[in-house]
Amino acid sequence: MDQSSNLWEVSYSDQFSTVKTNAPLCFTNWHGFTLETSLLEITCSQSIEMTLSLQKTAMDQLLHEGWFHTWPFALTESVHFEENIPIKVALELEPSIASIVLRDGQDAEDVITALFHKTVPFHTEQSNQNKICNDSLAFSECWYLLEAVQEMTIPEQLKLEGTIYARLRTIWHPNVTTINPSVQTAEKAPPNTIEKLPIMQQLHECLEKEKLRFDTVEPNLLRIPFSGKGLGKWTLILHPDEKKSSIAAYSTFPFTAAPEHHETVSFVLLQCQQALEEGSFELDTEDGAIRFRSILPCPELVVSSEALQTLIGNHMVVIETFSTMLKPYN
(Lines give C-alpha, C1' and ligand atoms only; values in the text may rest on other atoms or scores of the structure.)
Protein backbone atom coordinates (compact mmCIF):
# COMPACT_ATOMS: atom_id res chain seq x y z
CA MET A 1 0.00 0.00 0.00
CA ASP A 2 1.38 3.38 -0.96
CA GLN A 3 1.01 6.46 1.17
CA SER A 4 2.42 9.91 0.66
CA SER A 5 2.84 13.17 2.47
CA ASN A 6 4.31 16.53 1.63
CA LEU A 7 7.75 15.28 2.65
CA TRP A 8 8.04 11.65 1.59
CA GLU A 9 6.47 8.67 -0.08
CA VAL A 10 6.04 5.41 1.83
CA SER A 11 5.56 1.89 0.47
CA TYR A 12 4.92 -1.35 2.35
CA SER A 13 5.08 -5.08 1.70
CA ASP A 14 5.04 -8.19 3.85
CA GLN A 15 8.82 -8.14 4.18
CA PHE A 16 9.83 -4.49 4.28
CA SER A 17 8.83 -0.83 4.39
CA THR A 18 10.49 1.91 2.36
CA VAL A 19 10.46 5.70 2.47
CA LYS A 20 11.65 7.76 -0.50
CA THR A 21 12.30 11.47 -0.24
CA ASN A 22 14.84 14.16 -1.09
CA ALA A 23 15.25 16.30 1.97
CA PRO A 24 18.19 17.94 3.78
CA LEU A 25 19.40 15.98 6.79
CA CYS A 26 22.15 17.15 9.15
CA PHE A 27 24.15 14.60 11.16
CA THR A 28 26.26 15.24 14.24
CA ASN A 29 29.10 13.21 15.77
CA TRP A 30 30.56 12.85 19.25
CA HIS A 31 33.04 15.66 18.52
CA GLY A 32 30.08 18.01 18.05
CA PHE A 33 30.80 18.46 14.32
CA THR A 34 28.02 18.46 11.71
CA LEU A 35 27.71 16.92 8.26
CA GLU A 36 25.20 18.21 5.71
CA THR A 37 23.53 15.54 3.55
CA SER A 38 20.34 14.87 1.61
CA LEU A 39 18.23 11.89 2.62
CA LEU A 40 16.99 9.81 -0.33
CA GLU A 41 15.67 6.53 1.08
CA ILE A 42 15.19 4.39 4.19
CA THR A 43 14.39 0.68 4.07
CA CYS A 44 13.38 -1.52 7.01
CA SER A 45 13.48 -5.29 6.60
CA GLN A 46 15.74 -7.56 8.67
CA SER A 47 18.05 -4.57 8.98
CA ILE A 48 17.62 -0.80 8.60
CA GLU A 49 19.46 0.87 5.74
CA MET A 50 19.57 4.46 4.53
CA THR A 51 20.70 6.12 1.30
CA LEU A 52 22.10 9.65 1.36
CA SER A 53 23.26 12.04 -1.34
CA LEU A 54 26.44 14.03 -0.67
CA GLN A 55 28.43 16.61 -2.58
CA LYS A 56 32.15 15.93 -2.97
CA THR A 57 33.13 18.45 -0.28
CA ALA A 58 30.87 16.66 2.20
CA MET A 59 32.26 13.29 1.10
CA ASP A 60 35.80 14.54 1.62
CA GLN A 61 34.82 15.70 5.11
CA LEU A 62 33.18 12.33 5.81
CA LEU A 63 36.34 10.38 4.95
CA HIS A 64 38.77 12.81 6.55
CA GLU A 65 36.90 12.91 9.87
CA GLY A 66 35.89 9.23 9.94
CA TRP A 67 32.11 9.66 9.87
CA PHE A 68 29.95 6.50 10.05
CA HIS A 69 32.92 4.37 11.20
CA THR A 70 35.03 5.05 8.08
CA TRP A 71 38.36 4.65 9.83
CA PRO A 72 41.34 4.10 7.50
CA PHE A 73 41.44 0.34 8.07
CA ALA A 74 37.73 0.07 7.18
CA LEU A 75 38.27 1.34 3.62
CA THR A 76 38.86 -1.39 1.04
CA GLU A 77 40.10 0.90 -1.72
CA SER A 78 41.05 4.45 -2.63
CA VAL A 79 38.58 6.16 -4.98
CA HIS A 80 38.66 9.53 -6.70
CA PHE A 81 35.25 11.24 -6.80
CA GLU A 82 34.49 14.01 -9.30
CA GLU A 83 33.36 17.52 -8.46
CA ASN A 84 29.75 18.63 -9.01
CA ILE A 85 28.29 15.10 -9.27
CA PRO A 86 26.28 13.82 -6.27
CA ILE A 87 27.60 10.77 -4.46
CA LYS A 88 25.12 8.18 -3.14
CA VAL A 89 26.08 6.78 0.24
CA ALA A 90 24.54 3.61 1.72
CA LEU A 91 24.44 3.27 5.53
CA GLU A 92 23.26 0.55 7.89
CA LEU A 93 21.92 1.22 11.39
CA GLU A 94 23.97 -0.32 14.21
CA PRO A 95 22.49 -3.84 14.68
CA SER A 96 21.71 -3.61 18.42
CA ILE A 97 19.75 -0.38 17.88
CA ALA A 98 18.04 -1.76 14.76
CA SER A 99 16.94 -4.88 16.65
CA ILE A 100 15.13 -2.73 19.22
CA VAL A 101 13.46 -0.61 16.53
CA LEU A 102 12.31 -3.67 14.57
CA ARG A 103 11.31 -5.60 17.68
CA ASP A 104 8.96 -2.79 18.67
CA GLY A 105 7.27 -2.98 15.25
CA GLN A 106 8.55 0.35 13.97
CA ASP A 107 8.82 0.92 10.22
CA ALA A 108 10.66 3.19 7.81
CA GLU A 109 8.26 6.07 8.39
CA ASP A 110 8.91 5.95 12.15
CA VAL A 111 12.65 6.02 11.47
CA ILE A 112 12.49 9.01 9.12
CA THR A 113 10.23 10.87 11.55
CA ALA A 114 12.77 10.27 14.32
CA LEU A 115 15.61 11.46 12.08
CA PHE A 116 13.93 14.75 11.26
CA HIS A 117 12.78 15.34 14.84
CA LYS A 118 16.15 14.37 16.36
CA THR A 119 14.68 11.65 18.56
CA VAL A 120 14.69 7.85 18.73
CA PRO A 121 11.71 5.89 17.33
CA PHE A 122 10.86 3.94 20.49
CA HIS A 123 10.33 4.38 24.20
CA THR A 124 13.12 3.83 26.73
CA GLU A 125 13.13 3.33 30.46
CA GLN A 126 14.64 6.76 30.96
CA SER A 127 11.99 8.70 29.09
CA ASN A 128 8.33 8.48 28.26
CA GLN A 129 8.79 10.77 25.27
CA ASN A 130 10.57 9.04 22.41
CA LYS A 131 13.98 10.51 23.13
CA ILE A 132 16.94 10.22 25.47
CA CYS A 133 19.21 13.11 26.40
CA ASN A 134 20.38 14.87 23.24
CA ASP A 135 21.03 11.67 21.29
CA SER A 136 19.09 10.74 18.18
CA LEU A 137 19.32 8.54 15.13
CA ALA A 138 20.86 11.50 13.26
CA PHE A 139 24.13 10.66 14.99
CA SER A 140 27.19 9.42 13.10
CA GLU A 141 28.11 6.65 15.54
CA CYS A 142 24.68 5.01 15.08
CA TRP A 143 25.42 4.13 11.45
CA TYR A 144 27.98 2.15 9.44
CA LEU A 145 28.90 3.23 5.90
CA LEU A 146 28.55 0.31 3.49
CA GLU A 147 29.47 1.96 0.19
CA ALA A 148 29.62 5.25 -1.71
CA VAL A 149 28.81 5.35 -5.44
CA GLN A 150 29.14 8.13 -8.02
CA GLU A 151 28.11 7.97 -11.68
CA MET A 152 31.14 9.09 -13.64
CA THR A 153 31.20 11.55 -16.53
CA ILE A 154 32.02 9.77 -19.80
CA PRO A 155 32.49 11.10 -23.35
CA GLU A 156 29.31 11.57 -25.38
CA GLN A 157 30.38 9.00 -27.98
CA LEU A 158 30.68 6.31 -25.27
CA LYS A 159 27.35 6.83 -23.52
CA LEU A 160 25.65 4.10 -25.54
CA GLU A 161 28.18 1.62 -24.12
CA GLY A 162 26.74 1.89 -20.63
CA THR A 163 27.40 3.72 -17.34
CA ILE A 164 30.65 3.89 -15.38
CA TYR A 165 30.63 4.23 -11.60
CA ALA A 166 33.24 5.15 -9.00
CA ARG A 167 32.57 2.88 -6.05
CA LEU A 168 34.03 2.89 -2.54
CA ARG A 169 33.20 0.00 -0.19
CA THR A 170 34.09 -0.55 3.44
CA ILE A 171 34.65 -3.72 5.43
CA TRP A 172 31.08 -3.31 6.75
CA HIS A 173 29.70 -4.13 3.28
CA PRO A 174 28.40 -7.75 3.21
CA ASN A 175 30.18 -8.54 -0.07
CA VAL A 176 33.64 -7.38 1.02
CA THR A 177 36.15 -10.13 1.78
CA THR A 178 39.50 -8.34 1.46
CA ILE A 179 41.16 -5.13 2.54
CA ASN A 180 43.42 -3.16 0.26
CA PRO A 181 46.73 -2.78 2.17
CA SER A 182 47.41 0.53 0.40
CA VAL A 183 44.69 2.30 2.40
CA GLN A 184 45.45 0.86 5.83
CA THR A 185 46.84 2.91 8.65
CA ALA A 186 50.43 1.68 8.38
CA GLU A 187 52.21 1.89 5.05
CA LYS A 188 54.98 -0.50 6.06
CA ALA A 189 55.63 -2.95 8.85
CA PRO A 190 57.09 -1.46 12.07
CA PRO A 191 60.59 -2.63 12.97
CA ASN A 192 59.65 -5.04 15.79
CA THR A 193 57.71 -7.62 13.76
CA ILE A 194 57.68 -11.33 12.99
CA GLU A 195 57.61 -11.81 9.24
CA LYS A 196 56.65 -14.51 6.74
CA LEU A 197 54.54 -16.56 9.14
CA PRO A 198 50.75 -17.07 9.28
CA ILE A 199 49.09 -14.38 11.39
CA MET A 200 47.99 -16.99 13.93
CA GLN A 201 51.56 -18.18 14.43
CA GLN A 202 52.80 -14.61 14.72
CA LEU A 203 50.17 -14.02 17.41
CA HIS A 204 51.40 -17.03 19.34
CA GLU A 205 54.98 -15.78 19.27
CA CYS A 206 54.04 -12.21 20.23
CA LEU A 207 51.92 -13.35 23.18
CA GLU A 208 54.56 -15.81 24.36
CA LYS A 209 57.14 -13.05 24.18
CA GLU A 210 54.92 -10.86 26.36
CA LYS A 211 54.40 -13.84 28.72
CA LEU A 212 50.62 -13.57 28.41
CA ARG A 213 48.61 -16.67 29.23
CA PHE A 214 46.33 -17.75 26.38
CA ASP A 215 44.72 -20.82 24.85
CA THR A 216 43.50 -21.78 21.39
CA VAL A 217 39.70 -22.10 21.33
CA GLU A 218 39.47 -23.00 17.65
CA PRO A 219 42.09 -23.12 14.87
CA ASN A 220 41.56 -19.40 14.22
CA LEU A 221 40.57 -18.14 17.71
CA LEU A 222 42.79 -17.26 20.67
CA ARG A 223 41.45 -16.59 24.16
CA ILE A 224 43.27 -14.44 26.74
CA PRO A 225 41.85 -14.41 30.30
CA PHE A 226 42.07 -11.27 32.44
CA SER A 227 40.90 -10.11 35.84
CA GLY A 228 40.46 -6.55 37.02
CA LYS A 229 40.19 -4.83 40.39
CA GLY A 230 36.71 -5.55 41.69
CA LEU A 231 35.56 -6.69 38.24
CA GLY A 232 36.10 -10.42 38.31
CA LYS A 233 37.29 -12.37 35.28
CA TRP A 234 36.79 -11.29 31.68
CA THR A 235 38.01 -12.59 28.33
CA LEU A 236 39.66 -11.16 25.23
CA ILE A 237 39.21 -13.14 22.00
CA LEU A 238 41.57 -12.59 19.05
CA HIS A 239 40.39 -13.70 15.60
CA PRO A 240 43.05 -13.38 12.87
CA ASP A 241 41.83 -13.16 9.28
CA GLU A 242 44.42 -13.77 6.58
CA LYS A 243 42.05 -12.70 3.79
CA LYS A 244 41.34 -9.33 5.38
CA SER A 245 44.90 -8.84 6.66
CA SER A 246 43.60 -8.03 10.11
CA ILE A 247 42.94 -9.28 13.63
CA ALA A 248 39.49 -8.78 15.16
CA ALA A 249 39.50 -8.41 18.95
CA TYR A 250 36.44 -9.01 21.15
CA SER A 251 36.35 -8.35 24.88
CA THR A 252 33.40 -9.65 26.90
CA PHE A 253 32.49 -7.69 30.04
CA PRO A 254 32.47 -9.74 33.27
CA PHE A 255 28.71 -9.35 33.69
CA THR A 256 25.58 -9.37 31.53
CA ALA A 257 22.75 -6.88 31.08
CA ALA A 258 19.42 -7.94 32.57
CA PRO A 259 16.64 -8.29 29.95
CA GLU A 260 14.61 -5.45 31.47
CA HIS A 261 17.60 -3.11 31.03
CA HIS A 262 18.53 -3.92 27.41
CA GLU A 263 17.08 -0.69 25.99
CA THR A 264 18.79 1.46 28.60
CA VAL A 265 22.10 -0.35 28.16
CA SER A 266 21.94 0.18 24.38
CA PHE A 267 21.85 3.93 24.95
CA VAL A 268 24.46 3.88 27.69
CA LEU A 269 26.72 2.08 25.20
CA LEU A 270 25.94 4.73 22.60
CA GLN A 271 27.04 7.40 25.05
CA CYS A 272 30.17 5.41 25.94
CA GLN A 273 30.91 5.16 22.22
CA GLN A 274 31.27 8.92 22.08
CA ALA A 275 34.42 8.70 24.21
CA LEU A 276 36.17 6.35 21.78
CA GLU A 277 38.16 7.15 18.66
CA GLU A 278 37.86 3.59 17.36
CA GLY A 279 36.20 0.32 18.28
CA SER A 280 32.54 -0.30 19.04
CA PHE A 281 30.32 -1.75 21.73
CA GLU A 282 27.87 -4.60 21.14
CA LEU A 283 24.92 -5.85 23.20
CA ASP A 284 23.74 -9.42 22.60
CA THR A 285 19.99 -9.18 23.13
CA GLU A 286 19.74 -12.97 23.41
CA ASP A 287 21.91 -13.51 26.50
CA GLY A 288 22.68 -9.92 27.60
CA ALA A 289 26.43 -10.23 26.94
CA ILE A 290 28.19 -6.87 26.48
CA ARG A 291 31.25 -6.81 24.23
CA PHE A 292 33.80 -4.34 22.94
CA ARG A 293 35.12 -4.94 19.44
CA SER A 294 38.04 -3.46 17.55
CA ILE A 295 40.24 -4.41 14.60
CA LEU A 296 44.02 -4.40 14.24
CA PRO A 297 45.13 -4.03 10.59
CA CYS A 298 48.11 -6.20 9.60
CA PRO A 299 49.55 -4.65 6.43
CA GLU A 300 51.32 -7.21 4.28
CA LEU A 301 50.17 -9.92 6.74
CA VAL A 302 52.70 -8.77 9.34
CA VAL A 303 51.79 -8.51 13.04
CA SER A 304 53.41 -5.62 14.90
CA SER A 305 54.09 -6.58 18.51
CA GLU A 306 53.89 -2.91 19.54
CA ALA A 307 50.48 -2.53 17.84
CA LEU A 308 49.28 -5.75 19.49
CA GLN A 309 50.36 -4.46 22.90
CA THR A 310 48.45 -1.23 22.26
CA LEU A 311 45.33 -3.13 21.21
CA ILE A 312 45.37 -5.31 24.34
CA GLY A 313 46.04 -2.26 26.54
CA ASN A 314 43.12 -0.40 24.95
CA HIS A 315 40.77 -3.29 25.67
CA MET A 316 41.90 -3.41 29.30
CA VAL A 317 41.27 0.32 29.69
CA VAL A 318 37.82 0.09 28.06
CA ILE A 319 36.70 -2.80 30.28
CA GLU A 320 37.92 -1.17 33.48
CA THR A 321 36.68 2.32 32.58
CA PHE A 322 33.17 1.54 31.37
CA SER A 323 32.31 -1.33 33.71
CA THR A 324 31.38 1.16 36.42
CA MET A 325 28.77 2.71 34.08
CA LEU A 326 27.34 -0.61 32.92
CA LYS A 327 27.44 -2.86 35.99
CA PRO A 328 24.32 -1.31 37.64
CA TYR A 329 22.23 -2.79 34.79
CA ASN A 330 23.24 -6.43 35.33
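**Strand E15 and its neighbours**

Colleague: How many bridges pair strand E13 with E15, and in which sense?

Modeller: Keep in mind that this is a predicted model. Strand E13 covers residues 246-256, and its pairing with E15 is antiparallel. The number of bridges between them is eight.

Colleague: What about E14, then: how many bridges join it to E15?

Modeller: E14 takes in residues 280-283 and runs antiparallel to E15. One of the pairs here has Glu282 with Arg291 as its bridge partner in E15. The bridges joining the two strands number four.

Colleague: Which residue in the hairpin of E14 and E15 takes a positive phi?

Modeller: The hairpin has five residues between its strands. A positive phi near 80 degrees turns up there, and the residue that takes it is Gly288.

Colleague: Why is E15 described as largely enclosed by the rest of the structure?

Modeller: Buried here means under 20% relative accessible area. E15 spans residues 289-297, nine residues, and it is largely enclosed because the number of them that are buried is eight.

Colleague: Zooming out, what share of the chain's residues is buried?

Modeller: The chain holds six helices and 16 strands. It exposes about 16700 Å², with carbon and sulfur atoms supplying 49% of that. Of the 330 residues, the buried share is 48%.

Colleague: And what share of the contacts with a separation of 6 or more comes from residues 24 or more positions apart?

Modeller: A contact needs heavy atoms within 4.5 Å. Among those with a separation of 6 or more, residues 24 or more positions apart account for 61%.

Conventions: Residues numbered from 1 in each chain as written. Predicted model: local features only at pLDDT ≥ 70, side-chain atom pairs only at ≥ 80, totals over all residues. Heavy atoms only, no water. Buried < 20%, exposed > 50% of the residue type's maximum accessible area, 1.4 Å probe, protein only. Pairing = 2+ DSSP bridges. Areas by Shrake-Rupley, 256 points an atom, 1.4 Å probe, with all protein chains shown as cover.
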